[in-house]
Amino acid sequence: MQTQQENGQLKRTMKTRHLIMLSLGGVIGTGLFFNTGYIISTTGAAGTLLAYLIGALVVWLVMQCLGELSVAMPETGAFHVYAARYLGPATGYTVAWLYWLTWTVALGSSFTAAGFCMQYWFPQVPVWAWCVVFCVVIFGLNVISTRFFAEGEFWFSLVKVITIIAFIILGGAAVFGFIPMQDGSPAPGLSNITAEGWFPHGGLPILMTMVAVNFAFSGTELIGIAAGETENPHKVIPVAIRTTIARLIIFFIGTVFVLAALIPMQQAGVEKSPFVLVFEKVGIPYAADIFNFVILTAILSAANSGLYASGRMLWSLSNEKTLPRCFARVNKNGVPLTALSVSMLGGVLALFSSVVAPDTVFVALSAISGFAVVAVWISICASHFVFRRRHLQSGLPLSALQYRAPWYPLVPVLGFILCVVACVGLWFDPSQRIALYCGIPFVALCYGAYYLTRNMTSQEPEHVAE
């Protein structure tokens with residue numbers, strides 16, 4: 001009888017609360033804490049709210065597609081497996097590498113940012129020392145067991161969720177005068193939202209910032225990646241999707257409303273996180289220390305999710321026989337140690353590039369990372385469209401699907417179109433255009449690499465565990 005190490009199977013140990021917090025943890029991070037200020041300064045308050053509402057719609061569309069696919073076929077690696085099956089193996093291979101790079105770059109930038117957070121309290125300790133400490137901590141959380149990783153992510157995410165709820169409540173109270181402003185000024189009400197007009201720079205900035213908004217929402221798709229390691233996926237995944245999307249809409253729209261109401265458009269997105277500006281205006285005691293701790297938690301949570309996601313992508317590529325079999329080997333706890341180790345090495349290289357070549361190599365990697373998230377969402381919508389069409393063509397009833405996306409084919413088609421429009425919007429923003437310059441050649445490189453290497457991997461003898 002084969003051992004688990006030989007057949008390379010991952011264990012189903014995640015519960016509903018782990019899956020929900022894994023997804024929330026992947027989303028509530030630097031995108032929300034920092035990018036929101038840039039979006040407010042670019043599009044205005046009303047434009048930012050509209051951009052995030054459109055982003056929430058896109059997330060809902062994509063997650064409906066992913067939900068149907070994940071319940072029907074709960075696979076680790078999820079969407080790249082679906083893309084390979086329904087859009088072609090080369091597309092699946094490309095999607096996997098795009099997503100791997102997304103989280104690997106996030107690892108590098110997360111460790112650097114975490115080091116800067118710790119310098120706030122320990123200025124005499126160099127950033128690189130903290131990077132080493134956090135590398136060991138995050139690697140340890142992932143290596144011990146999937147359940148241990150999920151438990152760590154649950155508590156990381158819980159801190160962020162509580163903070164967001166408190167921020168919405170306290171900030172909302174300050175907006176309407178229930179909590180006095182620090183400088184004694186009257187409550188702003190909705191004056192900052194309407195001060196510059198509904199769309200001070202027109203509608204184009206909303207299109208230009210859609211990738212930034214989508215990137216802020218990225219992480220929800222981790223539900224699909226973790227499907228292969230979840231207990232009772234046909235029951236857990238629909239619950240996780242419904243609760244995650246509902247909470248995200250409340251958290252994001254509520255947070256953006258408070259930020260836009262308290263911060264004038266001209267002050268947003270300049271130097272500080274908009275959250276810090278709000279805490280300063282409201283005058284909460286020890287606000288800087290509290291928020292520094294929350295940012296540190298958010299960063300470590302993103303790194304934790306990132307290593308998990310990138311490691312599972314390499315495992316899945318190997319499991320699909322497009323990478324050497326050694327990447328599919330798991331230890332006695334069901335953890336793909338080789339895949340995790342290589343992903344961590346990629347994160348360290350990204351960290352190194354952020355120090356040595358921040359304006360060239362790291363900027364290019366970050367641009368591909370932002371572009372990659374939307375490209376992955378496009379593949380999810382396209383895979384679902386083909387999956388449902390084939391299901392209907394095979395003569396099987398819709399009742400055979402335990403979770404069904406509503407309003408087919410409108411949901412996958414609209415999701416696909418909105419994601420493509422977001423990519424087109426990058427062209428109109430000179431500061432983000434590099435994402436297309438780097439992302440499109442990277443996609444072409446992945447397709448080329450697949451056709452060059454598929455024969456080598458397919459002819460490689462099966463790996464046998466020692």
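Which residues in helix 4 are buried? They are Phe79, His80, Val81, Tyr82, Ala83 and Tyr86. Buried means under 20% relative accessible area, exposed means over 50%, and partly exposed lies in between, with a 1.4 Å probe and protein chains only. Helix 4 spans residues 79-86 and is mostly covered, with six of its eight residues buried. Gly88 follows helix 4 and has a positive phi, near 120°.

The model is predicted: local features need pLDDT of at least 70, side-chain atom pairs count only at pLDDT 80 or more, and totals for chains, interfaces and linings use all residues. Residues are numbered from 1 along each chain as its sequence is written, and side-chain values use heavy atoms, with hydrogens and water left out.

Now the overall fold. The protein has 18 helices and zero strands. Helices (H or I, at least four residues) and strands (E, at least two) are DSSP runs, numbered from the N terminus. Of the 466 residues in the protein, 57% are buried. Contact means heavy atoms within 4.5 Å. Take the contacts between residues at least 6 apart in sequence: 81% of them join residues at least 24 apart.

Next, the cores. A nonpolar core is a set of buried Ala, Val, Leu, Ile, Met, Phe, Trp, Tyr and Cys residues joined through side-chain atoms within 4.5 Å. The largest one holds 89 residues. Within this core, Tyr52, Phe79, Phe217 and Trp377 touch the most other members. Trp377 has contacts with Val58, Val59, Val62, Asn214, Phe217, Ser218, Thr220, Glu221 and Cys419, leaving out residues up to four places away in sequence. A second, separate core has 41 residues, including Phe156, Leu259, Leu262 and Ile299.

Thr220 is one of the residues that Trp377 touches. Thr220 lies in the loop between helix 10 (210-217) and helix 11 (222-225). Is Thr220 buried or exposed? Thr220 counts as buried because its relative accessibility is 2%. Thr220 and Val62 are 158 residues apart in sequence, yet their C-alpha atoms are 9.3 Å apart in space.

Two helix pairs come next. Axes are lines fitted to C-alpha atoms, for helices over the stretch in contact, and angles run from 0 to 180 degrees between N-to-C directions. Helix 5 (residues 89-121) and helix 14 (residues 287-319) have axes that come within 8 Å and cross at roughly 155°. Helix 5 is therefore roughly antiparallel to helix 14. Angles under 35 degrees count as roughly parallel, over 145 as roughly antiparallel, 65 to 115 as roughly perpendicular and the rest as oblique. The crossing of helix 5 and helix 14 is left-handed. A crossing is left-handed if the near helix is turned anticlockwise from the far one by less than a right angle, and right-handed if clockwise. The contact of helix 5 with helix 14 involves 27 nonpolar residues, six polar and one charged. Here Ala, Val, Leu, Ile, Met, Phe, Trp, Tyr, Cys and Pro count as nonpolar, Asp, Glu, Lys and Arg as charged, and the others, Gly among them, as polar.

Helix 14 also holds Ser318. Ser318 counts as buried because its relative accessibility is 0%. Beyond residues up to four places away in sequence, Ser318 touches Leu323, Pro324, Arg325, Cys326, Phe327 and Ala328.

The other pair is helix 6 (residues 127-144) and helix 15 (residues 337-356). Their axes come within 11 Å and cross at roughly 160°. Helix 6 is therefore roughly antiparallel to helix 15. This crossing is right-handed. From helix 6, Cys131, Cys135, Phe139, Asn142 and Val143 meet Leu337, Leu340, Ser341, Met344, Val348 and Leu351 of helix 15. By class, the contact has nine nonpolar residues, two polar and no charged.

Trp130 is also in helix 6. Trp130 is buried, because its relative accessible area is 15%. Setting aside neighbours within four places in sequence, Trp130 contacts Gly115, Met118, Phe122 and Val125.

Last, the loop between helix 16 (361-393) and helix 17 (410-425), which holds Pro409. Tyr408 and Pro409 are joined by a cis peptide bond, with omega about 5°. Trp407 is in the loop between helix 16 and helix 17 too. Its phi is positive, near 55°, in a residue other than glycine. Most residues other than glycine have a negative phi, and most peptide bonds are trans. Trp407 is exposed, because its relative accessible area is 60%.
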